[in-house]
Amino acid sequence: MLKPMLATLVDSAFDDEKWVFETKWDGFRIIARIVDDDVTLFSRGGKNVTKIYMPVAAALKKLKHTAVLDGELVAFDKNGLSRFQLLQNVRSEKIKLCYCVFDLIFLDGKDLRERPLIERKSLLKRVLPKDQFLKYSKHVSKRGKWFFEKAKRAGLEGIMAKLTLSIYHSGRRTREWLKIKTTLRQEVVIVGFTKPSGSRRYFGSLVLAVRDKKGWSYVGRAGTGFDSAALRMIYEKMKPLIRSDKPFDQEIPEENATTWIEPQLVGEVKFTEWTRDGQMRHPAFVGLRDDKRAVSVTREKTLPAKR
């Protein structure tokens, strides 16, 4: 499976005529391979997820070409905004799934990765079928600051900045693609949970960690962001993973009230800032992710937009 190109997180939006700016969709990265009437959908980690997203696969069968596409699988809310949380109930008929496609990597046997981005997107726009489960990811040129403020007002996760002439670097993180977030987000690994209190059931908060050079490092606890269905679903996934000891040496609050689990479940949280001791302030749980291995989850560093 072809590995997707990755973007570098930067601290601010900018204006530049050599760049285009797209919406940063709030969902799962998907590589789609279309060969004749056969469509296969792959997650970022290479997992075949076609059966989970059959409506999208069926829509892509309308594409009258052999192709490999890159995009984001999202679910839209009633206001038309992509919301990662909605993907937790992907099998519900009420969820409005959509594959937002932003790149065309192969077309009719031709490898397009050495072609400039703007050329690849032009081809993509021409060949992508019209369907309710498919969406061409539009862009604006030059006006990154304006586009970022628009995304912020709309409550979007952020924007992408892409060098117009960039080639496609499979499996590499480069500065030719940049991501600028309107709120801080971080992938985390669940390593434990605390007892519930009051009327809450299943658990109180999730104990979170990321990988560093020494192993697992504690980054905080998330006790908000759950509805009753999420509490139960996450608890059922944690029960088989319970272990007797913690996976790191750090001392943390309420250890005696913590149940430890094997560090296998990957989630995503939003938060206000990093503290000096490397913990997230006011983390709120967004949802589970099954598109990334736990051992690859590290703290995402923000770099200056301009070198």
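The largest nonpolar core here has 35 residues. By nonpolar core I mean a set of buried Ala, Val, Leu, Ile, Met, Phe, Trp, Tyr and Cys residues joined through side-chain atoms within 4.5 Å; buried is under 20% relative accessible area, and exposed is over 50%, with a 1.4 Å probe and protein chains only. This is a predicted model, where local features need pLDDT of at least 70 and side-chain atom pairs count only at pLDDT 80 or more, while totals for chains, interfaces and linings use all residues. Residues are numbered from 1 along each chain as its sequence is written, and side-chain values use heavy atoms, leaving out hydrogens and water.

So, who has the most contacts inside that core? I190, L206, L208, I234, M238 and F285. Two or more residues come from each of β12, β13, β14, α4, β16 and β19, and β16 gives the most, with six. Those labels are DSSP runs numbered from the N terminus: helices are H or I, at least four residues, and strands are E, at least two.

Let's stay with M238. Leaving aside residues up to four places away in sequence, M238 touches I190, F193, F203, L206, I261 and L265, where contact means heavy atoms within 4.5 Å.

M238 belongs to helix α4, residues 228-238, whose buried residues also include A230, L231 and I234. Down the axis of α4, these fall within an arc of 100°, so they line one face; the arc is taken from directions between the helix axis and the C-beta atoms. On the face turned away sit the exposed S228 and R232.

Finally, the buried residues of α4 pack against β12, β13, β15, β16 and β19. Thanks, everyone!
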